[in-house]
Amino acid sequence: MEARVERAVQKRQVLFLCVFLGMSWAGAEPLRYFVAEETERGTFLTNLAKDLGLGVGELRARGTRIVSDQNMQFLLLSSLTGDLLLNEKLDREELCGPREPCVLPFQLLLEKPFQIFRAELWVRDINDHSPVFLDREISLKILESTTPGAAFLLESAQDSDVGTNSLSNYTISPNAYFHINVHDSGEGNIYPELVLNQVLDREEISEFSLTLTALDGGSPPRSGTALVRILVLDINDNAPDFVRSLYKVQVPENSPVGSMVVSVSARDLDTGSNGEIAYAFSYATERILKTFQINPTSGNLHLKAQLDYEAIQTYTLTIQAKDGGGLSGKCTVVVDVTDINDNRPELLLSSLTSPIAENSPETVVAVFRIRDRDSGNNGKTVCSIQDDLPFILKPSVENFYTLVTEKPLDRERNTEYNITITVTDLGTPRLKTEYNITVLVSDVNDNAPAFTQTSYTLFVRENNSPALHIGSVSATDRDSGTNAQVTYSLLPPQDPHLPLASLVSINADNGHLFALRSLDYEALQAFEFRVGATDRGSPALSSEALVRVLVLDANDNSPFVLYPLQNGSAPCTKLVPRAAEPGYLVTKVVAVDSDSGQNAWLSYQLLKATEPGLFGLWAHNGEVRTARLLSERDAAKHRLVVLVKDNGEPPRSATATLHVLLVDGFSQPYLPLPEAAPAQANSLTVYLVVALASVSSLFLLSVLLFVAVRLCRRRRAAPVGRCSVPEGPFPRHLVDVSGTGTLSQSYQYEVCLTGGSGTNEFKFLKPIIPNLLPQSTGKEVEENLPFQNNLGF
């Protein structure tokens, strides 16, 4: 018993010594290896066994592995020879972009015993990219009054290479008027300026076409060209001048796309087109053009894409203000991206040992690394696990942690442990990441099948064919062998009225679902049921998922006309006064469709009409309106056939028949049989003529008698032939006609006679309605009676 205790103490001392040596070696300077980009795959880099001072067999026995933060494995370690080989061809521009030097860190992990060595792969740049101008043609407008020595900004070229292989010089095709000055922006970028050598004369030369060449510093050098077109303009003596030459702004990295960053402003003392300023970027990189956009009129700078502090912290933009005469000014905008705590800590698991035999001594269960892409306190992390577990976390170098057992495990007490590793940063607000590790002590059937989705939604178009495959469910089991074989089944429905057995079936082996009969959307729009997945372990475990079936509508119902009724009964006749204005609402056709969606969208069309062009139909609401003014020539009776069509594919339709009767006024009573109206009107006219003739004769005799008496009394006869005499007017005789026939009320008529003709001729006959228009004249009454000519005179 004492010997066992002594051996256990010796093993623990050896383990602590190895961990201490691993931490001390990892804290030393990293191993550095150099390789040129585009080097072929399989290129030999070094022999790790020699670099680490280990034998080839010892290197393999200690379980040496390469651990990297990169998503791709760019290095390959030969376990037989200990050689470190290049696993794939590297592209420095893709890996590091403009950053120089391009360093790819990685770690050498020795598991038995645990030891970490830091190493770096330096990727050297080669001259594999030529300078490229974003615009193949650069246009400039220069005034002829420009003094020699004036400089004009040109678009700079882009070169993805770095160092000596990057952009180094610009040249322009030989000419007597211009040369190129190359300037350094102070950030490692150069840009060209076009300098005028002598005075321009637009009358001599109005346009120049020059070739701008960008050269890099590689060997041999690469080049790119752009065409510079210079248009010589008349005088414009004031260039745009920015209010400020430098704008500095700070923008949080979570600023929404489209938000304004800053507004730049320039002034130009010229007028007209020479004073109109347009803002644009000058020699902007492709990344700037993808991230920002500027309003050419207002000078407002907006975000075009989301900012990311972890990718780029500062943007330097040069904005050019150019007037209509071709003169320009520039300003610099420095955008500092401020970091926010928008990245959760990441846990990168390097190794996991499971299952672990019970009664084992202290064992390394997992090795992982913590990473947070934020900066400052936002990137500092704290790592922890639950307190009631027999495991402890031990920090190592480079944010590495090891999860080890605190004491031997007992399978009878726990068959598995679910360990949640919680990583919290120190930012505001604090973000955390939880990573779950399941450690098995022995293999039992302790995992139930898990569906890929907790619920499934399937779509089936109505009127489907029986036995149609409508979808599938899928479940997986984390166990192995027979414990992972899954069988699918339909569970009893919760709704006892749902005939699930006659609606769907499931394939027990693969989870395919089939519709057993044709579905009708109008009867059943949706139904749901649960499916179960059971493994073949002992005892068997199972799980279930919800399946919802949505029936899609098909255009299988025609529109139904609600109004007017089309049931074969007496047709519905609509009365329209002949005095109706264009656009007068006659009636409205109302229809419905039992389908849904666009299959129920209805449109209306006038299919037939007794007189085309008299009535119009609104296509979307079914309103029937008059299309023009009605006239006496239009027929009294009209028949309209309206087509109602849905928007399905193919469309379905129905028709509705309308009867329209034109009447002289709504004062006429409605005639059930429109054909009898003319006879009734003629009878009324005869009665009125006879009555008026009788009254007129009596009135004429009275007038003659009155005139004879007056002549006897006066020596001088008064002139005859008018409706009044100087001494006083004739009394107005009114003919009262009661409301009979087609008239709905009583009317009075004033009669005047002509004198001197020897005949009893009517001069005029006009209706008087004193109750309706007490102050109106005969002419006003005549204008306000729409049916004054219905008497036949």
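A polar contact here is a pair of N or O atoms within 3.5 Å, where one must be able to donate a hydrogen and the other to accept it. Keep that in mind for the first stop; the model you have open is a predicted one.

Start by selecting Asp595, in the loop between β45 (590–592) and β46 (602–609). Which side chain does the side chain of Asp595 make a polar contact with? Show Asn557: the two side chains meet at 2.9 Å. Asp595 is buried but has no salt bridge. Now bring up the contacts of Asp595, leaving aside neighbours within four places in sequence: among them are Glu522, Asp553, Asp556 and Ala600.

Next, the rings. The structure holds twelve aromatic pairs. Pick Phe133 and Tyr170, whose ring centres are 6.4 Å apart with the planes at 55°, so this pair is tilted. Phe133 sits in strand β8 (residues 132–133) and Tyr170 in strand β12 (residues 167–172), so the pair ties together parts 37 residues apart in sequence. Both Phe133 and Tyr170 are buried.

Hop over to Phe451 and Tyr456 for an edge-to-face pair, 6.3 Å centre to centre with 75° between the planes. Phe451 counts as buried because its relative accessibility is 13%, and Tyr456 does too, at 6%.

Two more selections to go. Tyr177, Phe178 and Phe208 make up one aromatic cluster. Finally, show Trp618 with Arg625: the charged end of Arg625 sits over the Trp618 ring, 5.0 Å from its centre.

Technical notes: Residues numbered from 1 in each chain as written. Predicted model: local features only at pLDDT ≥ 70, side-chain atom pairs only at ≥ 80, totals over all residues. Heavy atoms only, no water. Phe/Tyr/Trp six-rings, centres within 6.5 Å; stacked < 30°, edge-to-face > 60°. Helix = DSSP H or I, 4+ residues; strand = E, 2+ residues; numbered from the N terminus. Buried < 20%, exposed > 50% of the residue type's maximum accessible area, 1.4 Å probe, protein only. Lys NZ or Arg CZ within 6 Å of the ring centre and 35° of its normal. Lys, Arg positive; Asp, Glu negative; His and termini not counted. Salt bridge = Lys/Arg side-chain N within 4 Å of Asp/Glu carboxyl O. Contact = heavy atoms within 4.5 Å.
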